[in-house]
Amino acid sequence: MRALPLLSLLIGSCMTVPALAANSSPEASEWLNKLAQAEQKQSYQGSFVYERNGSFSSHDIWHRVDDGKVSERLLQLDGAAQEIVRVDGKVECVSGALASGVTAPPDTAPRVLDPLKLMGWYDLSVAGKSRVAGRDAVIITLSPRDQHRYAFELHLDRHSGLPLRSLMLNDKGQLLERFQMTRLDTDDVPSDADLRPGAGCKPVQHVAAGSNDTVAGWRSDWLPPGFELVNSSVRRDPKRNSSVSSLMYDDGLARFSVFIEQVSDDGGTDMRTQLGPTSAVSRRLNTPKGKVMVTVVGEIPLGTAERVALSMRPQDAQARQ
């Protein structure tokens with residue numbers, strides 16, 4: 001019965017996306033809707049482990065929803081102390097190695113999963129059931145429709161819809177990233193003391209969005225299908241006495257950022273590397289604005305990141321009008 005409203009929505013959208021619903025499960029879409037609602041309405045606290053590139057770390061998390069306001073605190077429990085406090089998706093303070101030179105981008109709305117949008121680029125399905133952190137879970141898979149994004153396997157708590165385990169996989173099925181809860185408490189709401197940052201958590205300076213002339217200075221001649229520009233800014237780097245333009249793109253699940261900086265004739269070095277799911281590609285380009293270093297960083301394959309880097313072009317004044 002719970003699938004009926006979503007199924008009606010899918011049928012009503014078939015004129016615009018006729019091929020999408022055929023390859024995706026309405027039940028899987030319903031679970032993703034439940035996940036999106038849970039993160040905006042459900043308070044919880046717990047512990048989780050994070051794995052990337054063979055390296056593990058353990059963390060505590062406190063997440064409170066109070067009259068529509070979402071507050072969250074994450075604390076790394078091993079290695080160098082690192083802490084992040086967020087309010088409504090915006091980073092308020094960070095500590096440890098994260099605090100070095102951190103400047104938040106202009107305000108961007110938190111990602112909210114939209115199954116209808118995701119079905120354009122992923123096939124959604126229910127793959128079975130599991131048990132994680134002592135709780136029953138349903139397994140949802142998101143299989144990419146092209147080579148420009150990764151696959152995901154989500155284990156969602158049957159009671160709350162919250163994620164208990166998340167796996168990111170490459171095109172060969174190899175694990176790139178794992179998130180897994182080891183303890184989840186949805187009964188005890190985090191207190192003010194739980195959410196209070198430690199003494200080493202340094203406030204983050206937020207950059208106000210600039211005018212269109214300063215922000216929309218660059219464009220991409222090519223983007224992976226489904227990725228849209230969600231944020232752009234220009235930041236002054238006093239150490240290098242230069243400006244860095246940044247653009248963030250999103251397909252509703254994965255994100256990548258493009259950074260563009262003027263360089264001298266002999267400045268900058270081309271680079272191509274990957275750490276877990278995160279690709280980083282830097283390319284020197286000759287443009288009408290001079291020589292620039294374009295760096296693409298994000299949750300996309302290396303080949304896709306390189307193609308994006310090589311496609312960046314100055315946005316002429318006429319196009320911005």
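The model is predicted, with local features requiring pLDDT of at least 70 and side-chain atom pairs pLDDT 80 or more, while totals for chains, interfaces and linings use all residues. Residues are numbered from 1 along each chain as its sequence is written, and side-chain values use heavy atoms, without hydrogens and water.

Helix α2 covers residues 26-41; helices (H or I, at least four residues) and strands (E, at least two) are DSSP runs numbered from the N terminus. At 1.5 Å a residue, taken over one less than the number of residues, its 16 residues should span 22 Å, which agrees with the 22 Å between its end C-alpha atoms. The N-terminal end of α2 is capped by S25, a side-chain oxygen of which lies 3.2 Å from the backbone nitrogen of E27.

Strand β8 (residues 135-144) has 7 of its 10 residues buried and is therefore largely enclosed by the rest of the structure. Strand β8 pairs with β7 (residues 122-132) in the antiparallel sense through 10 bridges, pairing being assigned where DSSP finds at least two bridges between two strands. Strands β7 and β8 form a hairpin with 2 residues between them, and A133 in this turn has a positive phi of about 55 degrees. Strand β8 is also joined to β9 (residues 151-157) by 6 bridges, again antiparallel, and these two strands form a hairpin with 6 residues between them. Residue I140 of β8 stands opposite V126 and has L154 as its bridge partner in β9.

Note on methods:
Buried < 20%, exposed > 50% of the residue type's maximum accessible area, 1.4 Å probe, protein only. Polar contact = N/O pair within 3.5 Å; in protein donor to acceptor, adjacent residues only side chain to side chain.
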